[in-house]
Amino acid sequence: NKQIIFKGYIDGTPKETDMELKLGEIEVKAPKGSKAVLVKNLYLSCDPYMRGRMRENYESYIHPFVPGSVIEGFGVCKVVESDDPFYKIGDLVVGLTGWEEYSFVRKNEQLRKIEHGHDDVPLSYHVGLLGMAGFTAYAGFYEVCAPKRGDCVFVSAASGAVGQLVGQLARLHGCYVVGAAGSSQKVSLLKEKLGFHEAFNYKEESNLDAALKRCFPQGIDIYFDNVGGAMLDAALLNMKVHGRIAVCGMVSQQSISNRDGIHNLFTLISKRIKMQGFLQSDYLHLFPQFLEHVLREYKQGNIVYIEDLNEGLESAPAALVGLFSGKNVGKQVVCIAQD
Ligand code: NDP
């Protein structure tokens, strides 16, 4: 059983050498009455929150990784051993699993069976478009941003796993949508494939405030913030009165100890802006309606989803590390077996 092991707690940006490939043993039978099923891992999800779990005193909603243990993350898996009639051998499931070939996964509310009828959707989408990333976009946009037709919407990390769906949902809702991303290739994707009305490469802008004024001469109604830091500061200055900011993530701040100061918070008062942090897990009761909505739009051809698929368990550390320099184009997934 090949495994990717987390070596120890880190400072700064994660590196491939913070993880190592090892050969481990695994029991091939779940103990009788066990609360776990044995699965073969097929697709592994790489997510920015995993950086947080590499910090020793990670005060958050999920515990830090344990040094010397297998990295944990969301994955699409096939059941290979189970004494629970609900999980039959051959069933496809999505849930928290290990970065290894075979894992015991806990049977809990986080383990979801992939229903038949999803056969025309790529399996890997269950950790992307139809998984945690897609659900974050859905819950954050509809529940936190309170969108209205005609709203001007700004999305950062716009071509990523979450951002690309936020932009498309906003467009389908009748909003004007602008995305920021970190390369000209990503900017072209946003405009040509993902239906954003406008996009810019924030790395080429000497003044973010000026870039936002150019894209939003009347101001921003909704900012879906994936990055925090300087972009959030510039967006604050460009919000309209009664604007809404959904604080989804702060990927620009995750690996630095001296966090960028935010200077423009006073605009929250002067413009009566609502700024709300959220976790997708607060909204899990909406998951069935999310699946129905997004699957329908996808099957009707109204939504596309871009993935960056790496091959082989060995490539997983580089794929995870790449999220923090913007190497991924779209949702980063690692395929370790097709079936
Ligand atoms: P992405 O697929 O968007 O990958 C991360 C992207 O972040 C990179 O591709 C890069 O894009 C951008 N980035 C990396 N470093 C920086 C930096 N220093 N400054 C600005 N941008 C940077 O990831 P996800 O879509 O999975 O996640 C997006 C955000 O959503 C993250 O902050 C994540 O933590 C958050 N999140 C929050 C959840 C919640 O429940 N609140 C749930 C899931 C995700 P580029 O090349 O464009 O710079």
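The ligand is surrounded by 31 residues, of which the closest are G160, G182, G249, S252 and G326; a residue counts as near the ligand if its C-beta atom, placed from the backbone, lies within 6 Å of it. The model is predicted: local features need pLDDT of at least 70, side-chain atom pairs count only at pLDDT 80 or more, and totals for chains, interfaces and linings use all residues. Residues are numbered from 1 along each chain as its sequence is written.

Helix α2 (residues 132–144) supplies the largest share of the shell around the ligand, three residues. Helices (H or I, at least four residues) and strands (E, at least two) are DSSP runs, numbered from the N terminus. Domain 1 (2–128 + 306–335) and domain 2 (136–281) each contribute at least three residues to this shell; the domain bounds come from an automatic or database domain assignment.

The C-alpha centres of domain 1 and domain 2 are 29 Å apart. Their contact takes 14 residues from domain 1 and 15 residues from domain 2, two residues being in contact if their C-beta atoms, placed from the backbone, lie within 7 Å. The table gives the make-up by class of two groups of residues.

The largest nonpolar core has 97 residues, and V153, V166, F224 and A235 touch the most other members. Such a core is a set of buried Ala, Val, Leu, Ile, Met, Phe, Trp, Tyr and Cys residues joined through C-beta atoms within 7 Å. A residue is buried if 20 or more other C-beta atoms, placed from the backbone, lie within 10 Å of its own, exposed if 12 or fewer, and partly exposed in between. Helix α2 gives the most to this core, with eight residues. Neighbours within four places in sequence aside, V166 contacts A137, G140, F141, V155 and F224.

A318 is located in helix α9 (residues 316–322). This residue is partly exposed, because 15 other C-beta atoms lie within 10 Å.

Across the chain, the secondary structure amounts to nine helices and 15 strands. Of its 339 residues, 43% count as buried. The C-alpha trace spans about 65 × 45 × 35 Å along its principal axes.
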